[in-house]
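Subject: Structure for you to look at

Hello,

Here is the structure I promised to pass on. Please open it, and then read my notes below.

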Amino acid sequence: MRTLSVTVGKDCDGKMVKGILRGELQLSYTLIKRLKWRENAILLNGQSVHVNAVVHTGDVVTVTLVERAGAPAAALPCPLPLDIVYEDEDLLVLNKPAGIAMHPKSTDLAAPSMAAALVSYLGEGSVAHFVSRLDKGTSGLFIAAKTGYVHDRLRRALHSQNLRREYLAVAVGRVTPENGTIDLPIGRAEGSLVKRCVREDGLPCLTEYRTVETNDRFTLLRLTPCTGRTHQLRVHMAHLGYPLAGDWLYGTEDPALIARPALHSCALWFTHPVTGKAMHFTAPLSEDMEKLMRKGNG
């Protein structure tokens, strides 16, 4: 359980507790509704109160966050090794290997997945709150929140200066121009539940890219998704004529070359939703993608 406290300032004198919860602590209406029926979950100067109680300067409002009781499990514990880059009371930053799904299929909740590994690591009754998801074949950094509150705060920060992500990708061919912005809408491809494509009636989608390195076969790119559409980076690069190496869905599958789409989440910047601290993490390029760049010169 996580406890949050705030001391009421002069500008909040005379407000109700629910105003402090919404404004100062940024709790969602849904979470407040759930907490107000839990004994001692919301305290004013150490005493349990209703959310309509009035606060005054110097008062201390305290909230104990709890997960929703009886929520169905999204995964069953599966003890897999985790590459934990950072952990505190509120969240984890992990480096995901390629080939592991974020969540198991609904028909097999015990299948190996990042969700199952986290439930095993965090303990019975825990929930894996992924702030953003990586495709099964994508490696690299992602954030897992330990509470629904932290998850909600970080999700709202996605694609803003308070939460930015960058990826490294190996594209087939020499990308020209070397740097640019791709502003093309993406929607579901006709006749497919999985595949996406650029289409006029799709959702707005923006990707920035710049070339890091080239050889006679491939281009190593740094990609910044300014939106968060399914398969966005893969679709945009394929549409330009430079699909990612190993991308079986939007390019050419070649397990002898690389056994997955050559995409790696290499950097994260975010503002910690509880402490307000600026956080920055990086993960070096994966070995299989490094090998691609060496092969291209061989």
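The cavity count comes to 1, taking those of 30 Å³ or more. Keep in mind that this is a predicted model. The largest cavity has a volume of about 30 Å³. Which residues line it? They are L31, R34, L65, V66, E67, T147, G148 and Y149. By class, that lining has 4 nonpolar, 2 polar and 2 charged residues. Two helices, α2 (29-35) and α4, each supply at least two of the lining residues.

Stay with α4 for a moment. Just after α4 comes H159, with a positive phi of about 65°.

Next, the nonpolar cores. The largest one has 38 residues. Within that core, L21, L35, V61, I143 and F270 touch the most other members. A second, separate core has 27 residues, including A75, L92, M102 and L233.

V61 is then in contact with L4, S5, V6, V8, V17, I20, L21, L43, L44 and V55.

Now the largest pocket. Its volume is about 1,200 Å³. How many residues line the pocket? There are 43, and R133, L134, D135, K136 and H231 lie nearest its centre. The lining divides into 18 nonpolar, 13 polar and 12 charged residues. Strand β9 (163-172) and helix α5 each supply at least two lining residues. Of the two, look at α5 in particular: this helix gives the most to the pocket lining, with 3 residues.

Helix α5 spans residues 232-240, and Q232 lies in it. Is Q232 buried or exposed? Its relative accessibility is 3%. Buried means under 20%, so Q232 counts as buried. Again, skip the neighbours within four places in sequence. Q232 is then in contact with I186, C205, L206, T207, P225, C226 and T227.

Best wishes

Definitions and conventions: Residues numbered from 1 in each chain as written. Predicted model: local features only at pLDDT ≥ 70, side-chain atom pairs only at ≥ 80, totals over all residues. Heavy atoms only, no water. Core = buried A, V, L, I, M, F, W, Y, C linked by side-chain atoms within 4.5 Å. Buried < 20%, exposed > 50% of the residue type's maximum accessible area, 1.4 Å probe, protein only. Contact = heavy atoms within 4.5 Å. 1 Å grid on protein atoms, 1.4 Å probe; cavity = no way out; pocket = protein on both sides within 12 Å on 5 of 7 lines; lining within 4 Å. Points joined across faces, edges and corners; volume = space filled by probe spheres on them. Helix = DSSP H or I, 4+ residues; strand = E, 2+ residues; numbered from the N terminus. Nonpolar A, V, L, I, M, F, W, Y, C, P; charged D, E, K, R; others polar.
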